[in-house]
Structures are given as C-alpha cells and as structure tokens.
Amino acid sequence: MPNPTVVGFSGNFARPSKTRGFVEFCVNEIATRQGLASATFDIDDVGASLGAARWARDLDDQGRKVLDAVVSAELLVVGSPTYKGSYTGLFKHFFDLIDPAGLRGKPVLLTATGASERHALMIDHQFRPLYATDKDFADGVLTSEAVRKKAEQAIADAGAVLALRRSAGR
C-alpha cells in the first residue's frame, strides 16, 4: 500500500465494531472524494505492547507501524466507543504516546459511538458532534441517514481543509 494520506484509528478492539465501521465509513468517503490512499487501524492492530508502553519507543514493530501511520497521515479520522462517559483508556494511552508536535496542525475528524443517545453527552464533554448509537448501524455498517448527513458535512469540511493546506504548500 502506498503511504496513506487519510488514516483512521478506532479506540475499540472488538471486531466487528460499530466504532471502526463509523471511522472506516468516513475514511473511505474522504479517500474516494479526494483521490487519496487510506488505511484504518484499531487498538487490536497496535498489539500487545501498547498496554505496557510508557513511550512510543516501547512499542513493538507492529505497534510502531500503526503509530507511524497516524503521525504521517495528512488527515486523521479517529473514533472511540463511549466507555464510562468518556473515550476508552487504551485509545487515550495510544495518543499519549505520540509527541504532540507530531499532530500539530493536522486536521482530525472526531467520531464516537454509544449504546444510546444518553451517551452522546460524551461528545459535548470529551469530543465533538459526530456521534452514532446502536440503532444507527446494521451489522456494523452505518445506516442512519441523519448520522450520514452529519458525517457527510464533516467529510466535506475535511476535504476543504486538505485543499486549503495543499494550495498553501503545507
């Protein structure tokens, strides 16, 4: 695969996963519309070294490959299931391993999933407004037109940001 320019990362390690499905939907739409290469990863792709890693250098080759793809991405799409009112711990831990300078100025589309609308407060408190619940999926595939419409707007905005960055020579 060529170096991906749109990278998705899901904070869930279950497969299939609604969260990964939501992230993949956004990644694939952006990649298709912008003619970009893409890749999507989740916690399971990082591997067993994640839990014990205190620094990025502590990740094994598998984990380092995923981290490097995230850092080198032109645009990120990240998502987490709602867990105890927030994003998952391993999701946060993964991003804590990245030098903040490695993400500076990088466009990021944030998504989250939860079992019901009451979990959507996590977005207001922890993330931003791309949120999907169980009823928005069928077999791990996003089916809700309302959520698709919100995602479509965020995807279009992400494409506009990429176009501006490219025209500015970044």
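I started with S1 and S3, which pair in the parallel sense over five bridges. Pairing here takes at least two DSSP bridges between two strands. In that pair I found Gly8 opposite Val77 in S3.

A note on the source: this is a predicted model, where local features need pLDDT of at least 70 and side-chain atom pairs count only at pLDDT 80 or more, while totals for chains, interfaces and linings use all residues. Residues are numbered from 1 along each chain as its sequence is written, and side-chain values use heavy atoms, with hydrogens and water left out.

Next I looked up the whole sheet. It is open, with five parallel-paired strands in the order S2-S1-S3-S4-S5. S2 (38–42) and S5 (131–133) are the edge strands, each pairing on one side only. Neighbouring strands are turned by 15 degrees against each other on average, direction ignored. For names, helices (H or I, at least four residues) and strands (E, at least two) are DSSP runs, numbered from the N terminus.

Then H5: it packs on the sheet, touching S1 and S3, and its direction makes about 150 degrees with that of S3. Contact means heavy atoms within 4.5 Å; axes are lines fitted to C-alpha atoms, for helices over the stretch in contact, with angles from 0 to 180 degrees between N-to-C directions.

Which residues of H5 (89–96) are buried? I got Phe91, Phe94 and Phe95 (buried is under 20% relative accessible area, 1.4 Å probe, protein chains only). They cover an arc of only 90 degrees around the axis, so they sit on the same side of H5; the arc uses directions from the helix axis to the C-beta atoms.

Conventions: Buried means under 20% relative accessible area, exposed over 50%, partly exposed in between (1.4 Å probe, protein chains only).
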